[in-house]
Amino acid sequence: MTTAMTAPVPAPGTAPGPGALAAPPARTLVVVGGLPGSGKTTLVRRLLGPGVDGVTAVDSEDVAARWRTGQLVPYRYVRPLVHAAHRLRVLAAVVGPAPAVVLTDPWTSRSWRPVVLRAAALAGRGVRLVLLDVSAADAADGQRIRGRRIPEGRMRRHAGRWERYLPGAGTGDVLVVDRARAGRLTLADLLGRPAG
């Protein structure tokens with residue numbers, strides 16, 4: 001099964017987070033996918049805490065936080081730059097030296113998924129998918145809680161693509177969980193390895 005998470009992941013060499021592993025992970029890309037607001041970043045931050053040796057996390061929230069300009073420039077104008085910077089960070093991490101990369105991503109883009117998977121293959125990484133199966137209404141609630149909502153039309157498009165993608169995503173190393181089960185996942189579950 002696959003596991004994926006979203007959140008700013010501490011750099012390798014920092015103190016291990018909860019559920020630290022006995023051995024460093026093999027070269028793996030873990031994609032934590034789900035609708036915006038589904039809990040990807042929350043899950044990754046819970047499991048990786050201040051950092052786990054050998055694991056690099058890549059989350060667009062990190063880039064967005066750095067690029068927020070408050071009232072000077074509305075976020076909608078900055079968003080394309082945030083997306084481009086995030087995608088460059090993703091590709092650099094995937095081809096980089098970290099044993100495990102945990103990526104949080106909606107995973108709804110038909111053009112972006114193959115780019116990430118191809119980069120992982122070229123880098124010799126196995127791929128695990130952890131997909132958060134959360135309804136669009138619950139994801140919208142999650143967005144409200146975090147204080148940042150995406151426009152309704154964009155959310156509808158994400159939800160439509162997610163509904164089409166999810167039923168066929170169950171091939172290979174894939175773990176599909178609801179929000180309650182996501183709250184019980186361990187670091188070993190995320191990375192797909194025994195806890196030692």
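This is a predicted model: local features need pLDDT of at least 70, side-chain atom pairs count only at pLDDT 80 or more; totals for chains, interfaces and linings use all residues.
Local features here need pLDDT of at least 70 and side-chain atom pairs count only at pLDDT 80 or more, while totals for chains, interfaces and linings use all residues. Residues are numbered from 1 along each chain as its sequence is written, and side-chain values use heavy atoms, with hydrogens and water left out.

Let's start with the whole chain. Its secondary structure comprises 8 helices and 5 strands, counted as DSSP runs (helices: H or I, at least four residues; strands: E, at least two) numbered from the N terminus. Along the sequence they are arranged as β-α-β-α-α-β-α-β-α-α-β-α-α.

| Property of the protein chain | Value |
|---|---|
| Buried share of the 196 residues | 48% |
| Accessible surface | about 9500 Å² |
| Carbon and sulfur share of that surface | 59% |

Buried means under 20% relative accessible area, exposed over 50% and partly exposed in between (1.4 Å probe, protein chains only). The accessible areas come from the Shrake-Rupley method with a 1.4 Å probe; for residues, only the protein chains shown count as cover.

Now to strand β1 (residues 28-34): 7 of its 7 residues are buried, so this strand is largely enclosed by the rest of the structure. Thr28, Val30, Val32 and Gly34 point one way, while Leu29, Val31 and Gly33 point the other. β1 pairs in the parallel sense with β4 (residues 126-132) over 7 bridges, where pairing takes at least two DSSP bridges. Within this pair, Leu29 lies opposite Val127 of β4.

For a contrast, look at Leu72, in the loop between α2 (60-67) and α3 (75-95). Leu72 counts as exposed because its relative accessibility is 77%.
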